[in-house]
Every structure is written in structure tokens, then in C-alpha cells.
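Please look over the structure shown here before reading the notes that follow.

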Amino acid sequence: MDLTELRTQIDEVDSQIVSLFQKRMELVDGVAAYKREHHVPVLASGREEQVLDRVAQLAGPKLAGASRVLFTTLMDLSKSSQYSQNLPDDSKLVSLREGAKEEFVLPQKAKVGCQGVMGAYSSIAARRMFAQPDLRFYPHFGDVFDAVESGEIEYGVLPIENSSAGSVSAVYDLMKKHNFYIAAALKLRIDHCLVAKGPIPLQKVTKVYSHEQGINQCLGLFSQYPNMSPEVFSNTAAAAEFVAHSSDDTLAAISSKETAQLYGLHILKESVQDNDFNFTRFIIITRDFVRTGDADKISLSLVLPHQAGSLYHIITRFAVLGLNLTKLESRPIPGRDFEFMFYFDFEGSILDEKVISLLGQLESQLEYFSFLGNFHESL
């Protein structure tokens, strides 16, 4: 039998599989209707294991593992269909979607909080996102969250991720603690400069102050000039302010050009970051959920079951619905052995029925699920 004949037979078998798949999903609709009418939970783990054991035995030793993978995917599709037809009316997401139908517009003027001091990248981002912000500055990220919580400010602008140094984990932790939402985001190009009080030779610089992220983005500078000792500071702009007021002319800071001009510092070297493609994502946090008319990205945090294949099952659901994941990251959960908090960003709208159905499924199934917002990210 030649290749053409083999492919022809495969096409015939595929047609039979599709026909049987359609019939199976019709039966699934019947199961969903019965469970909805009789208030039966969608998830029946015992039934799933019975099915997987049965098909593995039918397939034989050679295909037992592959058959389990195939039928696990089929059951994931079945559960997804059932959940979409049984979304609880009291779901928090349903109420958020209702509120999202009224489009929100960021105000031109607003009380906006940033961590650090004037000239920090957060303040640059805030001025890009608000036409006339009334900027307030706070020593720590947590202080910005507290100010939003108390109503002292309306919005907070905070860094959430850098293309070189990764996520700002402290901000994610605070999002979880306060249950705030992301109203909008901005991807800001970060161009670091080495700045000092005067034009001293690079070989004469002793200590370089900057935020931990700024230092991590410029490690090549310290390899090239071993005389420079990196010193972690609360903020890039605060580091520049410290150097400007220091009596030690051998100190330097890593900050932006705008910050150097603000504090009257001399630029010793421009573009000292390791990667020219260096961007930081900033988010606007709010106490209450809002959705702008151009919102096209959703951010989630969740904890998956500590068992084989759990991440695969979740990703499959996004793939089936054609939802494009733009970020997938994990962080260890303190005090729990090899268990992780996952962060998902994907393209979508909470007004989309298939999206709200998927989110409702995750909300009802997972040990921990947090919807962080539906927003638009500007460049």
C-alpha cells in the first residue's frame, strides 16, 4: 500500500471520528441539561477515572497512555461545554460583566499615586496615562495600595513587569491582598543612564544606586567596570535624588534622562541597560472594577491542583476557544511544597460569552482564582 492510499484511509477514519465526536458532544448537551435540572455538579472525578481506565484497557498496552491523553482532552471539552451551560447566577464575574457594559473613560484629571519621587519611571508612566494627574508619591508599593484603599487617591500607577528582569512580584502580592483591579496598562520603553554630580571618569565611580530592577537590567555595566559597586535603593529617581544631595562625587545612579535633568545631574553614559529592547509594563490600579471601551486584555491569578497535567488541562481550554495567551508565569507559594501561583494574561473581553463562561468555570473549580481586570495596554 503506497502513501496516497494510506492517507486516503486516514481521511476516511478521520471523517468517522468527527461524526462520532459530534454525536458525543450532543450527548454531553443532554448530560448538561440533566445536571442543570437536577442540580448535579458538573465535575465527577470518579466517573472520569472509570472512563480513562476503560479506554486504556480497550486500547491495549501500546496505546494505553495515548488513549488516556486523548480521552482526557475529550472530557475537558465536555466539561467546558457543561460549565458554559451551568454558569451560576451568583457568580461574581456575572455581576462584573453587567457593570462592564457601561464603558468607562479614564479622567483627564485625577489624584494619582506612585512609588518613589518625582522623576521615577512610574511618574513618567502616570503622565502618559493621565493628561493632568495630581501626583502623590509614596515610599513603598504597599503605601500606594493603602492610599487607594482609603480613598486618599483615586488611582495608583505601578510597575508590574519588565522585559529583562521579569515580574514585580511585590505588586502581584499586593493585588492579591487588596483585591484591586487593573483599569489600564502602558508599556514604557526604559532607557537607563548612568548619572553623577559631575563629569567624572567611569573608572572613578565607586557606588551606583538604583532600584533592584534597574540594577538587574544593567548587570553588564558592572561586569565592564568592576570598580562600580551596585547599591539597591528604593527607586531609580530616589537614588538620583540621593546622589544629587550627596557630598561624595564618586557616587552615581541609574535613572532616566528626565530624572537627571530634574536633579541637575550629569549623564556619564547613556543606554546602560543590557538589552535595548527594554520595556516595563505599568498598570493603573483601582479599588472598583472598571472597563474602558477599548479593553482587550484580561489578567488572572490562580492556583492549580497539585497533580500531573493540571496546567495542560487549563491551557487546553484556552486553545479550544481560540484565546491567545500573552503571558504565563508561575511563582512558588510560600509554605507549600512545590506548589505555585500562576499568572495568566490573554486577549479577550469579559463581554464575550465564551470568555465569561471559561472564567466562570475556573472561578468555580479552582482552589484560588482572582480576576485582576479587563483592560487595554497602550504603547
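In this predicted model, five strands make up an open sheet whose order is S8-S7-S9-S6-S10, and the pairing within this sheet is mixed. At the edges are strand S8 (229-232) and strand S10 (266-269), each of which pairs on one side only.

**The sheet**
- From one strand to the next, the twist averages 35°.
- In general, the strands of a sheet pair through backbone hydrogen bonds, and they do so either parallel or antiparallel.
- Strand S6 (residues 193-196) and strand S9 (residues 251-255) run antiparallel and are joined by four bridges.
- Along this pair of strands, Leu194 stands opposite Ile254 in S9.

**The helix across the sheet**
- Helix H10 (residues 236-245) lies across S6, strand S7 (207-210) and S9, and the helix runs at about 155° to S9.

**The largest cavity**
- A search of the whole structure finds two cavities of 30 Å³ or more, and the largest has a volume of about 250 Å³.
- Its lining consists of 18 residues, of which Tyr121, Pro159, His211, Gln213 and Thr236 lie nearest the centre of the cavity.
- Helix H5 (121-129), strand S3 (155-162), helix H8 (212-216) and strand S11 (279-286) are the elements that give two or more residues to this lining.
- By class, the lining of the largest cavity holds seven nonpolar and 11 polar residues, with no charged ones.

**The second largest cavity**
- The second largest cavity, with a volume of about 30 Å³, is lined by Ile160, Tyr172, Ile182, Arg281, Ile283, Ser299, Asp345 and Phe375.
- This second lining divides into five nonpolar residues, one polar residue and two charged residues.

Definitions and conventions
Residues are numbered from 1 along each chain as its sequence is written. This is a predicted model: local features need pLDDT of at least 70, side-chain atom pairs count only at pLDDT 80 or more; totals for chains, interfaces and linings use all residues. Side-chain values use heavy atoms; hydrogens and water are left out. Two strands pair if DSSP finds at least two bridges between them. Axes are lines fitted to C-alpha atoms, for helices over the stretch in contact, and angles run from 0 to 180 degrees between N-to-C directions. Contact means heavy atoms within 4.5 Å. On a 1 Å grid over the protein atoms alone, a cavity is a set of points where a 1.4 Å probe fits but cannot get out, and a pocket is an open set with protein on both sides within 12 Å along at least five of seven lines; lining residues have an atom within 4 Å of a point. Grid points are joined across faces, edges and corners, and a volume is the space filled by probe spheres set on the points. Ala, Val, Leu, Ile, Met, Phe, Trp, Tyr, Cys and Pro count as nonpolar, Asp, Glu, Lys and Arg as charged, and the others, Gly among them, as polar.
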